[in-house]
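Please read it with the sequence and the coordinates at hand.

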Amino acid sequence: MQFSSTLSELRENKKMSREKLAKKAGVSEEVLAAWENGAEYPDQEHLLLLARSLKVSIARLVDPDREMRALVDSLNALRPDLVIFCGDLVNIRYTELDSTA
């Protein structure tokens, strides 16, 4: 997913107007619209302000797929009895696996 669509989706999911997010990020609505349309990209300072305003990590904002992969890897390391595929959680009990053999 591209940054522009991630930004739009996060803003809409938070039920935040473009005007409100632009104000929190310290930019005009036109600048925010350019980011959401992919015409421009925010600098580091504005990325941080966007992430804080949307209450997400910068990684989630910039590369949500990478963040999901890292989360899946860490969950798989903590709970080897769970199998996690791209955000879908499937609990597999070892006894169930043994009974099919």
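Helices (H or I, at least four residues) and strands (E, at least two) are DSSP runs, numbered from the N terminus. The model is a predicted one, in which local features need pLDDT of at least 70 and side-chain atom pairs count only at pLDDT 80 or more, while totals for chains, interfaces and linings use all residues. Residues are numbered from 1 along each chain as its sequence is written, and side-chain values use heavy atoms, with hydrogens and water left out.

**Overall make-up and confidence**

The secondary structure of the protein comes to seven helices and two strands, and along the sequence these follow the pattern α-α-α-α-α-α-β-β-α. Of the 101 residues, 30% are buried, where buried means under 20% relative accessible area, exposed over 50%, and partly exposed in between (1.4 Å probe, protein chains only). The accessible surface of the protein is about 7000 Å², and carbon and sulfur atoms account for 54% of that surface; accessible areas come from the Shrake-Rupley method with a 1.4 Å probe, and for residues only the protein chains shown count as cover.

Contact here means heavy atoms within 4.5 Å. Among the contacts between residues at least 6 apart in sequence, 42% join residues at least 24 apart.

The average pLDDT (the predictor's confidence in each residue, from 0 to 100) is 78 for the protein, and 66% of the residues score at least 70. Over residues 86–101 the pLDDT stays under 50, and for this stretch the model has 15 contacts beyond four places in sequence.

**The pair α1 and α3**

Two packed helices are described by the angle between their axes and the distance between the axes. Helix α1 (residues 3–13) packs with helix α3 (residues 29–37) at an angle of about 120 degrees, the axes being 6 Å apart. Axes are lines fitted to C-alpha atoms, for helices over the stretch in contact, and angles run from 0 to 180 degrees between N-to-C directions. The two helices α1 and α3 are therefore oblique to each other, given that angles under 35 degrees count as roughly parallel, over 145 as roughly antiparallel, 65 to 115 as roughly perpendicular and the rest as oblique.

On the α1 side the contact is made by Phe3, Ser4, Leu7, Ser8 and Arg11, and on the α3 side by Leu32, Trp35, Glu36 and Asn37. By class, this contact of α1 with α3 has four nonpolar, three polar and two charged residues, with Ala, Val, Leu, Ile, Met, Phe, Trp, Tyr, Cys and Pro counted as nonpolar, Asp, Glu, Lys and Arg as charged, and the others, Gly among them, as polar.

The buried residues of α1 are Phe3, Ser4, Thr6, Leu7, Ser8, Leu10 and Arg11. In α3, Leu32, Ala33, Ala34, Trp35 and Glu36 are buried, and the buried residues of α3 pack against α1, α2 (18–25) and α4 (44–54).

**Ser4 and Glu36**

Which residues does Glu36 touch, leaving aside its neighbours within four places in sequence? Glu36 is then in contact with Ser4, Leu7, Ser8, Arg11 and Arg18. Ser4, with the neighbours within four places likewise left aside, is in contact with Trp35, Glu36, Asn37 and Gly38. Although Ser4 and Glu36 are 32 residues apart along the chain, their C-alpha atoms are separated by 4.3 Å.

| Residue | Relative accessible area | State |
|---|---|---|
| Ser4 | 10% | buried |
| Glu36 | 6% | buried |
| Glu45 | 54% | exposed |
| Lys15 | 74% | exposed |
| Lys55 | 68% | exposed |

Lys15 is found in the loop between α1 and α2, and its phi, near 55 degrees, is a positive value in a residue other than glycine. Lys55 lies in the loop between α4 and α5 (58–62), and phi of Lys55 is near 60 degrees, again a positive value in a residue other than glycine. Glu45 is found in helix α4; its C-alpha atom is separated by 9.1 Å from that of Ala25, which is 20 residues away along the chain.
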